[in-house]
Amino acid sequence: MQREDNPVMTTGLQRIAAKARSETKLQFTSLTHHITRERVWGNLNRIPIKSAPGCDGQTVLEAKENFNGWVDSMLQSVHRRGYQAPPIRRVYIPKPGKQEMRPLGVPCVTDRALQRSVSEVLSSIYEQDFLSCSFGGRPHRSAHQALATLNEIIAGRKVGWVLEADLKNFFGSLDHGWLLRFVEHRVGDPRIINLIRRWLKAGIMEDGEIHPNTEGTPQGGSISVLLSNLYLHYVLDLWFTKVVKTHLEGEAYLVRYIDDFVICFQYRSDAMRVQNALRKRLAKFGLELEPNKTKLVEFGRFAERHASKRGRNRPETLYFLGFTIYCTRNLKGNYRVGFCTEKSRLKRSLTNLCDLMKRIRHLSIKEQAFNLNRVLRGHFAYYGIAGNFRALQRVHRIVERYWRKMLNSRNREGRVTWEIFQKIKAQYPLQRPKLVLPYPKLQAIAVL
């Protein structure tokens, strides 16, 4: 078996990328030969061992052990255009801060490896086409870069109004006909087109029954992320950049992360016109704005001056990628964009941490500290953005107090005093809050 970083495989994708970059209207008619057993093996190894199995019940370890038994027949069926995408197991997870449940699709492990392989090849083409305003689900791009870019736009450009938008049931509303037409702009290989069509039509297994899928793409598959980005690339990004901006009086900027996006405007009149046009544009492609998450806000350095005229002490706030974004000033009195963990996200994180401490309270103190620090590191790594240090400290304080409470609960006499607890922390310290992106770094990673 060749290594995951096979130079021949890498060079092949580099050639595709170079061709796509130099010939922006070229349709690639032969791509399937890049879906090799080596590429499938490499992507299978990138699937976490503890990933949930699909409807066939096969785990990642079992898929690796039986690799030689299924990979050749899978690739042959892809080349013959006879591949049957297995049904996707549907599970539900709670939405942040809500009682509602979000549906997720869990493909079979083998199908997941194939999806990742096809997505890898197609990304080498589409990464040359995608615009700089798009951040979600792309290599070498992140939510932090989206936030940093928004920070630089609001703080440094002529911005007075921001349209905060979210799409209603985006993954479940994608029109298959339009999506395949968008794919065919750049991909003319009938085997790849057939494969994508099979994935879109794959049945949904729920409560032991398989239901047909006529629209949308299940949230959870690797190919779904690429296809959703491609859909909004044509529906929103190109439309806004090539059409909308040319008809506006002032400046305007789009920042999108999958289906969450904000549009910044210099003038309110432009914002109102675009908001109306946006609804019509989305409706043409089967999409709709979520009313509860879509609002036009006066925001920016000039919004502070106007807030008092509108009966407010300070400008309204924005919500984007788990952060509350607000207007503030630095120590020198200059305007600054502030970031704070959004309340429902903070509540969810604290609830998860407290539930974790309840579950592991009977483990050794060393194991408890290890598990807590793993979760805290992840929380601080994402929310450790300039201006959000107090929210990080609050999480740390609450975890400390609740951990001591849990240690007391397993002691009949409850004798884990603060003095004893300080000694425990000295031996097994909790992860301290840390800003991963202070303002200099936040400004440095902006993509404008």
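In this predicted model, Asp 270 is part of helix 11, which covers residues 268-284. Its relative accessibility is 0%, so Asp 270 counts as buried, the limit for that class being under 20%. The side chain of Asp 270 comes to 2.9 Å from the backbone nitrogen of Gly 250. When neighbours within four places in sequence are set aside, the residues in contact with Asp 270 are Leu 248, Glu 249, Gly 250 and Phe 265.

Helix 15 runs over residues 389-409 and has 21 residues. The buried residues of helix 15 are Ala 391, Leu 392, Val 395, His 396, Val 399, Glu 400, Tyr 402, Trp 403, Met 406, Leu 407 and Asn 408. These buried residues pack against strand 11 (335-341), helix 13 (343-359), helix 14 (365-383) and helix 16 (418-427).

The second largest pocket holds about 330 Å³ of space. It is lined by 16 residues, of which Glu 120, Ser 123, Ser 124, Glu 127 and Pro 139 are the closest to its centre. Two or more lining residues come from each of helix 1 (7-22), helix 5 (109-126) and helix 10 (222-244). Helix 5 supplies the largest share of the lining, with four residues. By type, the lining of this pocket consists of six nonpolar, seven polar and three charged residues.

Conventions
Residues are numbered from 1 along each chain as its sequence is written. This is a predicted model: local features need pLDDT of at least 70, side-chain atom pairs count only at pLDDT 80 or more; totals for chains, interfaces and linings use all residues. Side-chain values use heavy atoms; hydrogens and water are left out. On a 1 Å grid over the protein atoms alone, a cavity is a set of points where a 1.4 Å probe fits but cannot get out, and a pocket is an open set with protein on both sides within 12 Å along at least five of seven lines; lining residues have an atom within 4 Å of a point. Grid points are joined across faces, edges and corners, and a volume is the space filled by probe spheres set on the points. Ala, Val, Leu, Ile, Met, Phe, Trp, Tyr, Cys and Pro count as nonpolar, Asp, Glu, Lys and Arg as charged, and the others, Gly among them, as polar. The expected span of a helix is 1.5 Å times one less than its number of residues. Buried means under 20% relative accessible area, exposed over 50%, partly exposed in between (1.4 Å probe, protein chains only). Contact means heavy atoms within 4.5 Å. A polar contact is a pair of N or O atoms within 3.5 Å; within protein, one must be able to donate a hydrogen and the other to accept it, and residues adjacent in sequence count only if both atoms are side-chain atoms.
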